[in-house]
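Q: Let's go through this model piece by piece. I'll ask, you answer.

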Amino acid sequence: MTEASDIQGILYQNLMDAGCDRETVQQCMALSQSGKTSELLRLLASHRKALLDAVHRNQKQLDYLDYLVYQTEKEQRQEESQ
């Protein structure tokens with residue numbers, strides 16, 4: 001049987017692995033310990049949205065970089081064929 005301290009330890013580690021900052025971890029731990037599940041879920045959803053926004057920003061940056069590489073390689077091929 002899993003003890004409460006084990007569950008809290010697992011929660012703490014998962015929050016750290018998910019990239020939560022110290023303040024968010026402390027808030028989540030306090031909400032979990034006080035049984036405020038709805039508020040905990042709201043905070044986790046907020047962090048998830050922030051992570052997803054970062055993924056989308058990074059994807060857009062990759063797309064721009066890929067296009068720049070494509071254009072540069074295309075120009076290089078054109079110069080070499082002349």
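Q: What distance separates the end C-alpha atoms of α3, and what should the helix span?
A: The end C-alpha atoms of α3 are 65 Å apart, which agrees with the 66 Å that its 45 residues should span at 1.5 Å a residue. The expected span is 1.5 Å times one less than the number of residues. Helices here are DSSP runs (H or I, at least four residues), numbered from the N terminus.

Q: What kind of model is it, and what gets counted?
A: This is a predicted model: local features need pLDDT of at least 70, side-chain atom pairs count only at pLDDT 80 or more, and totals for chains, interfaces and linings use all residues. Residues are numbered from 1 along each chain as its sequence is written, and side-chain values use heavy atoms, with hydrogens and water left out.

Q: Which residues of α3 are buried?
A: L40, L43 and H47 are the buried residues of α3. Buried means under 20% relative accessible area, exposed over 50%, and partly exposed in between (1.4 Å probe, protein chains only).

Q: What covers them?
A: The cover over the buried residues of α3 includes α2, residues 22-33.

Q: Why does H47 count as buried?
A: Because its relative accessible area is 16%. Leaving aside neighbours within four places in sequence, H47 is in contact (heavy atoms within 4.5 Å) with A18, G19 and C20.

Q: Switching to charges. How many salt bridges are there in the whole structure?
A: A search of the whole structure finds one. D53 forms it with K49, and the closest N and O atoms are 3.0 Å apart. The criterion is a side-chain nitrogen of Lys or Arg within 4 Å of a carboxyl oxygen of Asp or Glu.

Q: Where do those two sit?
A: Both D53 and K49 lie in helix α3, four residues apart, about one turn of the helix. K49 is exposed at 52% relative accessible area, while D53 is partly exposed at 31%.

Q: And aromatics, how many pairs?
A: The structure holds one aromatic pair. Y67 and Y70 form it, tilted, at 6.4 Å centre to centre and 35 degrees between the planes. Rings of Phe, Tyr and Trp (its six-membered ring) pair if their centres lie within 6.5 Å; planes under 30 degrees apart count as stacked, over 60 as edge-to-face and the rest as tilted.

Q: How far apart are Y67 and Y70 in the helix?
A: They are three residues apart in α3 (residues 37-81), so about one helical turn separates them. Y67 counts as exposed at 51% relative accessibility, and Y70 is partly exposed at 43%.

Q: Which residues form the nonpolar patch on the surface?
A: L62, L65, L68 and V69, with about 350 Å² of accessible area together. L62, for one, is partly exposed at 44% relative accessible area. Patches take residues with over 30% relative accessible area and no salt bridge, joining like charges within 9 Å and nonpolar side chains (Val, Leu, Ile, Met, Phe, Trp, Tyr) within 5 Å. Accessible areas come from the Shrake-Rupley method with a 1.4 Å probe; for residues, only the protein chains shown count as cover.

Q: Last one: is E80 buried or exposed?
A: E80 is exposed, with a relative accessible area of 61%. The C-alpha atoms of E80 and C28, 52 residues apart along the chain, are separated by 59 Å.
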